[in-house]
Amino acid sequence: ALDTPDEKMGSPVKGNLATHFAEANDRSPPCKSLKTRGGTTANEHKDKEKAREDAATGGKGRGRRSSLSATPRFSRPIDRQRSWAHRTIVDLGIKVPASAQQGPDHLVGGLATLLENLKIADPTAAFSPFDRTSAQPNVINPKEVPENMTRLQELIECNLNFTNYGNKSKDSTKTIYGKFVLSCDRDPVTIINKARAEFFKVGGMKLQKSALQV
């Protein structure tokens, strides 16, 4: 075998070069960056540190990742106004077209206008169902006044007959009378009085606190 000079060390290397480097790799110690003193990998070490940290802080941990993981990705908005200072029954009257098609539309529009103006006087104002166990929720947004007449009657106690009969059959309008529950925090009589003028502009005929309060 030929002697091959080692340019860095200045000493000859005996034998075949390939064999020499293979033996050198076998003798190389494990990379210290992958192992900790206890023989675990760096990732395992981080996991153990995080587990100890979570145990000490009740699972809240520290840093951005922990705070994000503790926050639900999806959550339903909470209705902060679950109860009101007043629950008042209000007498209602509104003139609508004597038509099975136009009458309901005008009624819904009139009620939306009413709620919009009640909320100007008291931002917490809402229409509530008569039956507290009803599946119909409180109506807080004027745009959510039900267009379905069955659902609407959970909020408004009235006879929703939009057609005139007998001597009144030729009349082009009909007045719908009923009652609804107003939930609010401010004095109900005060906000009803403030909303009355705008309600009458869209066909309102009656709006007052009912003599019957349950």
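Mentor: A disulfide is a pair of cysteine sulfur atoms within 2.5 Å. Please note that this is a predicted model, in which local features need pLDDT of at least 70 and side-chain atom pairs count only at pLDDT 80 or more, while totals for chains, interfaces and linings use all residues. Residues are numbered from 1 along each chain as its sequence is written, and side-chain values use heavy atoms, with hydrogens and water left out.

Trainee: How many disulfides does the structure hold?

Mentor: In general, a disulfide is a covalent bond between the sulfur atoms of two cysteines. The structure holds zero disulfides.

Trainee: Is C184 buried or exposed?

Mentor: Buried means under 20% relative accessible area, exposed over 50%, and partly exposed in between (1.4 Å probe, protein chains only). C184 is buried, at 0% relative accessibility. C158 is also buried, with a relative accessible area of 18%.

Trainee: Which residues touch the most other members of the largest nonpolar core?

Mentor: In soluble globular proteins, nonpolar side chains tend to be buried together. A nonpolar core is a set of buried Ala, Val, Leu, Ile, Met, Phe, Trp, Tyr and Cys residues joined through side-chain atoms within 4.5 Å. Here the largest one has 32 residues, and L114, F127, F180 and L182 touch the most other members.

Trainee: What is F180 in contact with, leaving aside its neighbours within four places in sequence?

Mentor: Contact means heavy atoms within 4.5 Å. Beyond those neighbours, the contacts of F180 include T88, V90, L114, F127 and L207.
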